[in-house]
Amino acid sequence: MIAVKQVNYTNLDKKDRSQQVKALETEIQMLKQLKHPNIVKYLGTHRDKHRMYIFLEYCGGGSVASVLKKFGPLSEAVIRRYLRGCLRGLSYLHSHDVIHRDIKGNNVLIVSGDAKSDDLIKLADF
């Protein structure tokens, strides 16, 4: 199973479209180079006349935001595990001169429950 980020070009005027496509292509070039257990893996891209599809690793546990909404506050032990994964991912990004700029619960994804403790969290959408 994979996740697909879909960007529709037709809703943008031509100036915005050009800037959006350029920003996405820059993001894709960066994603191709990043390989770390706490970063969502880039799997490929497909473009057609109206859309761009970015294929990414699927994280079956959902986002931290969705888990909080569904189950309420997390225990201190769970927060420590999640934070450790976030910090490892951020440290890796910073060592490659990448700044996330949008850290929030929706962009912190949880791998399915069978993952190793250190690989439980993956950062996305940077």
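This is a predicted model: local features need pLDDT of at least 70, side-chain atom pairs count only at pLDDT 80 or more; totals for chains, interfaces and linings use all residues.
Let's begin with helix α3, which covers residues 76–95. Now look at which parts of α3 are tucked away: Y82, G85, C86, G89, L90, Y92 and L93 are the buried ones. Viewed down the helix axis, these residues fall within an arc of 160 degrees, so they line one face of α3. Over on the other side, E76 and S95 are exposed. And what sits over the buried residues? The cover includes α1 (14–33), α2 (64–71), β4 (108–110) and β5 (121–123).

The largest nonpolar core has 32 residues, and L93 and F126 have the most contacts inside it. At least two residues of this core come from each of α1, β3 (51–57), α2, α3, β4 and β5. Leaving aside residues up to four places away in sequence, L93 touches L34, I39, V98, H100, L123 and F126.

That brings us to β3, a mostly covered strand with five of its seven residues buried. Strand β1 (residues 2–8) pairs with β3 in the antiparallel sense over seven bridges, and V7 has M52 in β3 as its bridge partner. Strand β2 (residues 42–47) is also antiparallel to β3, pairing over five bridges, with G44 opposite F55. A hairpin of three residues joins β2 to β3.

Definitions and conventions:
Residues are numbered from 1 along each chain as its sequence is written. Side-chain values use heavy atoms; hydrogens and water are left out. Helices (H or I, at least four residues) and strands (E, at least two) are DSSP runs, numbered from the N terminus. The expected span of a helix is 1.5 Å times one less than its number of residues. Buried means under 20% relative accessible area, exposed over 50%, partly exposed in between (1.4 Å probe, protein chains only). The arc is that of the directions from the helix axis to the C-beta atoms. Contact means heavy atoms within 4.5 Å. A nonpolar core is a set of buried Ala, Val, Leu, Ile, Met, Phe, Trp, Tyr and Cys residues joined through side-chain atoms within 4.5 Å. Two strands pair if DSSP finds at least two bridges between them.
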